[in-house]
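Morning, everyone. I have one structure for you today, so let me put it on the screen and walk you through it.

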Amino acid sequence: MNCVFCKIINKEIPSRIVYEDDKVLAFEDINPQAPTHILVIPKKHFSNLVDMDDKELIGHIFMVIKKIAKDRGVDERGFRVVMNCNSEAGQTVYHTHFHLLAGRKMHWPPG
Ligand code: 5GP
Ligand code: ZN
């Protein structure tokens with residue numbers, strides 16, 4: 001499968017990893033949109049959230065996001081979690097991923 005994030009998981013493509021366990025990988029986004037911009041992904045390939053049916057894994061991903069936000073010291077000041085699902089939402093990489101964004105004032109509604 002020609003998936004860029006699977007290649008990052010397999011270390012075929014380098015990335016700046018910030019967290020890893022047997023189920024999840026988190027790494028710095030290559031094109032950061034905020035001072036903190038981390039992608040949290042399941043190691044198992046799912047195209048997007050529509051294909052994900054593993055409640056425990058989805059819950060675990062959010063626990064990891066929370067831990068990274070705390071480790072970065074942005075849990076109190078605030079952070080945003082974004083998951084773009086399919087084309088109209090702006091998904092460009094079809095291995096599901098959660099953006100953790102922090103370190104600047106966020107706008108609402110999102111663009
Ligand atoms: P999407 O638009 O699908 O929600 O987000 C895809 C994200 O993946 C983008 O923020 C983009 O910068 C990031 N990205 C794409 N290719 C790579 C890569 O090879 N390495 C890293 N670290 N991030 C990537
Ligand atoms: Zn993949």
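Which residues coordinate the zinc ion (ligand 2)? They are Cys3 (SG), Cys6 (SG), His45 (ND1) and His95 (ND1), at 2.1 to 2.3 Å. Donors here are N, O and S atoms within 2.8 Å of the metal (3.2 Å for Na, K and Ca), and water is not among the atoms, so sites may look incomplete.

Some ground rules before I go on. This is a predicted model, where local features need pLDDT of at least 70 and side-chain atom pairs count only at pLDDT 80 or more, while totals for chains, interfaces and linings use all residues. Residues are numbered from 1 along each chain as its sequence is written, chains are lettered from A and ligands numbered from 1 in the order in which they are written, and side-chain values use heavy atoms, with hydrogens and water left out.

Back to the zinc. The site of the zinc ion (ligand 2) is tetrahedral, with angles of 102 to 116° among its four donor atoms. The cut-off: four donors count as tetrahedral if all angles lie between 85 and 135 degrees. For reference, the ideal angle for four tetrahedral donors is 109.5 degrees. In sequence, the donor residues are spaced C-x2-C-x38-H-x49-H. Cys3 sits in the segment before helix H1 (4-9), and His95 in the loop between strand S4 (79-82) and strand S5 (98-102), so this pair ties together parts that are 92 residues apart in sequence. Helices (H or I, at least four residues) and strands (E, at least two) are DSSP runs, numbered from the N terminus. Cys3 and His95 are both buried. Buried means under 20% relative accessible area, exposed means over 50%, and partly exposed is in between (1.4 Å probe, protein chains only).

Now the overall fold. The protein chain has two helices and five strands. Along the sequence the pattern reads α-β-β-β-α-β-β. Its radius of gyration is 13 Å, close to the 13 Å that the globule rule gives for 111 residues, so the chain is as compact as a globular protein of that length. That radius is taken over C-alpha atoms, and the rule is 2.2 Å times the number of residues to the power 0.38. The C-alpha trace spans about 40 × 30 × 30 Å along its principal axes. Of the 111 residues, 39% are buried.

Next, strand S2. Five of the five residues of S2 (residues 24-28) are buried, so this strand is largely enclosed by the rest of the structure. Which residues point which way from S2? Val24, Ala26 and Glu28 point one way, and Leu25 and Phe27 the other. In a regular strand, side chains alternate between the two faces of the sheet.

What about the partners of S2? Strand S1 (residues 17-20) runs antiparallel to S2, joined by three bridges. Two strands pair if DSSP finds at least two bridges between them. S1 and S2 form a hairpin with three residues between them, and Tyr19 stands opposite Ala26. Strand S3 (residues 36-42) is also antiparallel to S2, with five bridges. There, Leu25 stands opposite Ile41.

On to the loops. Asp29 lies in the loop between S2 and S3. Asp29 is buried, at 14% relative accessible area. Beyond four places in sequence, Asp29 touches His37, Ile38, Leu39 and His99. Contact means heavy atoms within 4.5 Å.

Is Thr96 buried or exposed? Thr96 counts as buried, at 0% relative accessibility. Thr96 is in the loop between S4 and S5. Leaving aside neighbours within four places in sequence, its contacts include Ile41, Phe46, Leu49 and Met83.

Lys44 is another story. Lys44 is in the loop between S3 and helix H2 (55-71), and counts as exposed at 56% relative accessibility.

Last, the backbone. Most residues other than glycine have a negative phi, and most peptide bonds are trans. Lys11 has a positive phi of about 65° and is found in the loop between H1 and S1. Asn86 has a phi near 70° and lies in the loop between S4 and S5. The peptide bond from Trp108 to Pro109 is cis, with omega near 5°. Pro109 is in the segment after S5.

Notes:
Tetrahedral: all angles 85-135°; square planar, octahedral: opposite > 155°, others 65-115°.
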